[in-house]
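User: Could you walk me through this one? I would like to go through the domains and then the interfaces.
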Amino acid sequence: MAIENTVRRNLPGSLETNRNLSQWLDINTDGTVTMRPGKIEIGQGILTALRQIVAEELDVNLERINIVTAVTALSPNEGVTSGSRSIEESGVAFRYAAAEARELLLARAGAKLGVSIEQLSVSDGVITSRSGGSVSYWDITDGDLLKREATGDAKPKSHMLYRIVGTAAPRVDIPRKVSGAPVYVHDMDVPGLLHARVSRPPSYKAELVSVDMDDVRKMPGVVAVVRDGRFLGVIAEREEQAIRAQRRLTRNAKWKEGPTLPEFDPRYLLKLQAKTDVISEKKGAASSGREFSGEYTRQFLAHASLAPSCAVAKFEGGKFTVWTHSQGIYPLRAEMAPALGVPAEDIVIHHVEGAGCYGHNAADDVALDAALLARGALGRTVRLQWMRDEEFAWEPYSSAMVVKTRATLSDAGQITDWQMDVWSHGHSSRPGRGPGSNLLAAWHLEKPLVRAQTANPPLPGGGSHRNAIPIYDFPNEKVSNHLIPDPPLRASALRGLGSQTNVFAIESFMDELALAAGVDPIAFRLRHLKDPRGRAVIEKVAAMAKWKPNSRGDGANGRGIGFARYKNGAGYMAMIVDIVLAETIRVTHVWAAVDVGQIINSDGLLNQVEGGIIQAVSFALKEEVKYDRERVTLKSWDDYPILSFDEVPEVEVALINRPELPPLGAGEGTQGPISAAVANAVFNAAGIRLHDIPFTRERLITAMA
Amino acid sequence: MGMQITVNGRALSVAADEETPLLYVLRNEAGCKGVRYGCGLGQCGSCTVIIDGKPVQSCDVPVSAVAGKSITTVEGIGSMDEPHPLQRAFVDEQAAQCGYCATGIIMSAKALLDVNASPSDAEIKAALSKNLCRCGTHQRILRAVKRAAIEMRK
């Protein structure tokens with residue numbers, strides 16, 4: 001048996017599932033390089049970082065590299081751009097693909113120049129032999145060069161030789177964006193473009209009793225009024241006409257509603273049937289000492305993208321072409337096919353940028369909406385943009401959560417037993433995570449598709465249980481995850497998934513235990529932490545903020561720390577915040593120390609971490625999805641305030657570069673440590689312990705009582 | 001005969017009816033896609049333009065209210081090849097993540113710098129109080145506005 005021939009080699013990163021070099025790169029005769037990432041830009045600067053990796057491995061200047069944004073049937077299928085995994089998956093694939101392309105080019109050059117490849121060096125695509133003579137990539141490349149399966153054998157460059165990776169290469173997209181150029185899917189325009197809007201039900205389970213559509217059909221500019229079950233939409237010649245028609249259609253629809261939503265307190269989760277898994281259990285030496293417990297909650301949280309979701313679609317000759325800002329065009333295509341009743345091959349999806357999404361918002365839903373409406377547009381192209389109230393009311397939120405903790409503290413001030421229980425809905429309902437459909441309109445059709453339940457990505461990354469297992473070393477430990485798959489509000493992935501609440505609970509409880517032990521919070525953490533990289537970021541941030549052990553606030557000013565290793569396997573983040581307590585909490589200063597292994601783009605990393613911190617302060621202080629027993633009641637920014645320019649803290653970030661170690665994701669690790677640091681700072685200031693996120697004025701008053 | 005407005009120095013005969021928010025006229029008739037829809041409620045500032053020297057949220061103004069007036073959008077202050085000092089400063093400070101809020105913020109900042117060449121931090125924050133940024137790029141944006149102010153004073 002020729003086993004060697006049948007064993008599939010494991011390849012690095014996304015090369016494993018997209019194995020041909022030509023899927024990733026072209027070396028062109030015109031002196032350029034084309035790269036085709038399957039990951040997409042969502043304002044995190046990923047395309048700039050991937051370009052640096054390719055330029056570095058190929059030894060060509062950045063300007064030579066053109067990026068083809070993701071489109072089904074052409075780009076490698078890299079699933080979803082999420083979980084801060086793009087550098088680990090796409091970055092690693094490009095690193096090995098480019099290294100192998102370079103080797104293939106050197107082999108051709110060696111043959112042409114009649115020297116061994118050890119004699120050759122490369123500078124901006126020009127290969128020079130030590131004995132004289134040179135030839136360029138562009139002279140010796142051809143269409144066949146990369147038409148082969150990757151071997152994974154080409155050895156990437158040593159980090160000692162880096163000249164592009166690790167530098168603050170400017171983002172490729174910013175000049176166009178600040179010039180006002182049409183860069184977003186929202187800006188697409190073609191001759192004859194039609195504008196569409198959807199008229200949504202007033203609540204999740206509302207039933208359509210009646211709707212007068214004729215009245216709307218007679219309105220100026222209206223091309224079509226569409227009804228499929230309780231999916232209602234309009235198409236008009238002009239955008240303002242579509243909006244007016246949508247408003248009239250909404251007024252003309254009569255709905256039957258009932259109370260289907262739970263009480264406005266995450267503790268409703270404790271009353272529901274859950275699937276329980278013990279996700280960590282350690283039994284060491286018997287523990288004894290004082291016992292402590294805590295309970296922490298967080299409300300549903302919205303992505304609240306600045307731009308409501310938008311897609312453009314065309315239906316012609318039985319085939320759909322869709323442009324959208326989805327984070328996963330291949331899973332979306334597979335999910336759209338049954339809803340549209342066509343095979344996936346009859347749908348082409350192009351990724352075009354949208355506003356920052358921070359997770360799974362309505363970017364996928366709007367693609368199906370636009371395609372459904374395009375069927376009624378007689379071959380004309382249709383642009384559909386959700387309205388602000390629609391985005392607030394219908395996007396999938398991050399699940400509410402409840403976390404309970406228990407610990408035993410020995411007389412020597414050591415935690416000898418740690419227990420934690422997490423209650424939550426699943427943190428993903430992205431397309432492709434069925435059975436059932438995760439696209440909004442699919443549930444509203446005359447022949448509806450079954451709504452998929454929420455699920456969690458598996459550990460070690462996890463979903464609701466992301467960062468639920470403490471990174472500290474405790475001799476006895478038990479962590480249980482209680483998953484309630486069917487959420488009363490739509491729920492899916494939002495920056496950090498469960499890590500925000502889990503780290504909030506762990507790091508708040510650590511401070512409570514440190515206080516009980518009479519030990520400084522930082523010393524107490526270090527006492528329980530062996531991981532040297534974790535210790536290093538904590539010590540670094542303490543030095544940055546000039547942390548004074550055991551110092552107490554003055555009733556109004558306080559300081560607190562939070563720490564985590566994101567997903568217990570990605571970046572290490574330690575943060576100290578200063579707060580001022582008045583009518584509300586004001587975060588005035590944040591220091592952060594960050595270790596994400598090898599840094600690809602130092603300024604891109606800073607931008608991500610600074611932004612994550614400011615957004616996390618907003619999450620912690622202000623944000624919650626409001627609902628009554630019938631409806632989600634968010635309509636505008638008044639109902640969902642976020643941090644404004646006059647409320648943002650000063651943020652200082654220190655990066656610990658470890659070029660010899662693998663690069664790790666960075667974008668999401670900030671959310672957990674910040675929530676805890678703020679709560680710990682409030683306690684430090686005034687002795688008030690906050691257990692429920694967000695820390696609004698109302699909750700502050702409740703906690704003081 | 002429809003209404004006339006002037007957009008970035010060019011006359012435009014408006015085809016939309018008079019109740020149409022200025023935003024849609026600018027985007028779909030004048031082709032100024034840098035004026036962005038964020039809320040339609042005058043709450044987020046993504047659609048900010050300058051009229052009579054003042055920042056105006058164009059989603060919240062019927063086009064009839066600006067008939068005969070001169071409107072400046074982000075496209076009117078600079079381009080990729082010839083950026084306004086504010087646009088250049090946003091690039092120099094890498095003051096964007098998704099960038100969706102950036103054009104509205106640049107217009108609010110321009111309205112400030114046109115009347116106050118040396119604004120304090122508090123004045124800049126006040127001028128941007130009607131602009132939202134969801135990515136948390138505030139700190140870099142504030143730095144960019146300060147940098148542009150210095151450049152423009154030179």
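User: How far apart do the C-alpha centres of domain 1 and domain 2 of chain B lie?
Analyst: Keeping in mind that this is a predicted model, the C-alpha centres of domain 1 of chain B and domain 2 of chain B lie 20 Å apart. Their contact takes 15 residues from domain 1 of chain B and 12 residues from domain 2 of chain B.

User: Where are those two domains in chain B?
Analyst: Domain 1 covers 4–76 and domain 2 covers 85–153 of chain B.

User: And what area is buried between domain 1 and domain 2 of chain B?
Analyst: The area buried between domain 1 of chain B and domain 2 of chain B is about 1,200 Å², with carbon and sulfur atoms giving 58% of it. On the side of domain 1 of chain B, the residues that lose the most area to domain 2 of chain B are B:Arg36, B:Ile50 and B:Val74, which together account for 39% of what that side buries.

User: How many salt bridges and polar contacts are there between domain 1 and domain 2 of chain B?
Analyst: The count of salt bridges between domain 1 of chain B and domain 2 of chain B is zero, while six residue pairs are in polar contact across that interface, both residues being at pLDDT 80 or more. Strand E3 (48–51) and strand E4 (54–57) of chain B each supply at least two residues of the side of domain 1 of chain B that touches domain 2 of chain B. By class, that side of domain 1 of chain B has five nonpolar, nine polar and one charged residues.

User: Which residue forms a salt bridge with B:Arg134?
Analyst: B:Arg134 forms a salt bridge with A:Glu623, where the closest N and O atoms are 2.7 Å apart. Across the interface of chain B and chain A there are eight salt bridges, along with 36 residue pairs in polar contact, both residues being at pLDDT 80 or more.

User: New topic: in what order do the six strands of the open sheet in chain A run?
Analyst: The order is E12-E20-E19-E18-E13-E25 (chain A), with mixed pairing. Strand E12 (275–282) and strand E25 (692–693) of chain A are the edge strands, each pairing on one side only.

User: In what sense do E13 and E25 of chain A pair?
Analyst: Strand E13 (residues 290–298) of chain A pairs with E25(A) in the parallel sense, over two bridges, and A:Arg298 has A:Ile693 in E25(A) as its bridge partner.

Note on methods:
Residues are numbered from 1 along each chain as its sequence is written. Chains are lettered from A and ligands numbered from 1 in the order in which they are written. This is a predicted model: local features need pLDDT of at least 70, side-chain atom pairs count only at pLDDT 80 or more; totals for chains, interfaces and linings use all residues. Side-chain values use heavy atoms; hydrogens and water are left out. Domain bounds come from an automatic or database domain assignment. Contact means heavy atoms within 4.5 Å. Buried area is the accessible area (1.4 Å probe) that two parts lose on being put together, summed over both. A salt bridge is a side-chain nitrogen of Lys or Arg within 4 Å of a carboxyl oxygen of Asp or Glu. A polar contact is a pair of N or O atoms within 3.5 Å; within protein, one must be able to donate a hydrogen and the other to accept it, and residues adjacent in sequence count only if both atoms are side-chain atoms. Helices (H or I, at least four residues) and strands (E, at least two) are DSSP runs, numbered from the N terminus. Ala, Val, Leu, Ile, Met, Phe, Trp, Tyr, Cys and Pro count as nonpolar, Asp, Glu, Lys and Arg as charged, and the others, Gly among them, as polar. Two strands pair if DSSP finds at least two bridges between them.
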